[in-house]
Amino acid sequence: MTRVLYASVVGNLMYTMVCTRADLSQAVSMISRYMHDPRRDHWVLGCIKGTIDVGLVFEKDFTGKQECVGYVDSDYTGDLDKHRSTKGYVFILSQAPVSCRSILQSTVVLSTTEAEYIAITEAVKEAIWLQELLDDLGIDQDLLKINCDSMSAIYLTKNQVYHVRTKHIDVRFHFIREILDEGDIGLLKVTQRRLLLICLPM
């Protein structure tokens with residue numbers, strides 16, 4: 001594997017993911033964790049095999065509106081190496097993904113609620129940027145909706161005393177409460193099955 005240009009291939013996949021293939025986000029996140037010491041079983045290019053001719057198609061829905069909707073999810077300590085959680089979100093506009101990310105969280109969490117809460121915070125930051133971009137493009141968004149399958153994390157964004165076991169969560173993640181109070185971004189409950197199919201394909 002020392003003779004294989006692993007980092008170069010991962011870099012090319014990252015470029016492809018950012019430009020045209022948002023669906024590669026999870027696969028690129030997984031294989032980029034082993035850049036320093038790749039092994040033969042990390043050499044996974046099957047994620048793009050058979051889908052070279054697949055692309056994004058932007059279409060208006062039956063109402064004629066261009067509504068941006070987000071989906072966010074997180075697993076709980078899914079990484080077996082460092083026991084960290086993977087967070088992921090996708091924003092869909094005109095029935096096609098316009099922003100997608102799947103990445104290992106930087107800290108070890110102590111509960112599924114904390115993992116989901118951190119993922120929601122990252123998704124809200126992306127939603128703020130997307131709202132400003134869409135506004136510049138003349139696409140009005142009265143309320144950018146983000147769907148999540150964790151009711152406890154949603155309660156935590158609305159009520160800081162919801163759970164005594166969340167006192168240790170870093171302050172930087174709590175800005176989400178102020179953003180939701182402003183009313184430009186809404187957080188909604190969605191079924192777990194639907195969210196997994198959209199947000200974190202494995």
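Predicted model: local features only at pLDDT ≥ 70, side-chain atom pairs only at ≥ 80, totals over all residues.
Residues are numbered from 1 along each chain as its sequence is written, and side-chain values use heavy atoms, leaving out hydrogens and water.

**Overall build**

- The chain has six helices and five strands, taken as DSSP runs (helices H or I, at least four residues; strands E, at least two) and numbered from the N terminus.
- Their order along the sequence is α-α-β-β-β-α-β-α-α-β-α.
- Of the contacts (heavy atoms within 4.5 Å) with a separation of 6 or more, 68% involve residues 24 or more positions apart.

**Where α3 meets α4**

- Helix α3 (residues 112–136) and helix α4 (residues 151–158) have axes that come within 8 Å and cross at roughly 60°; the axes are lines fitted to C-alpha atoms over the stretch in contact, with angles from 0 to 180 degrees between N-to-C directions.
- The two helices are therefore oblique to each other, the class left after roughly parallel (under 35 degrees), roughly antiparallel (over 145) and roughly perpendicular (65 to 115).
- On the α3 side the contact is made by T113, E116, Y117 and I120, and on the α4 side by S152, A153, L156 and T157.
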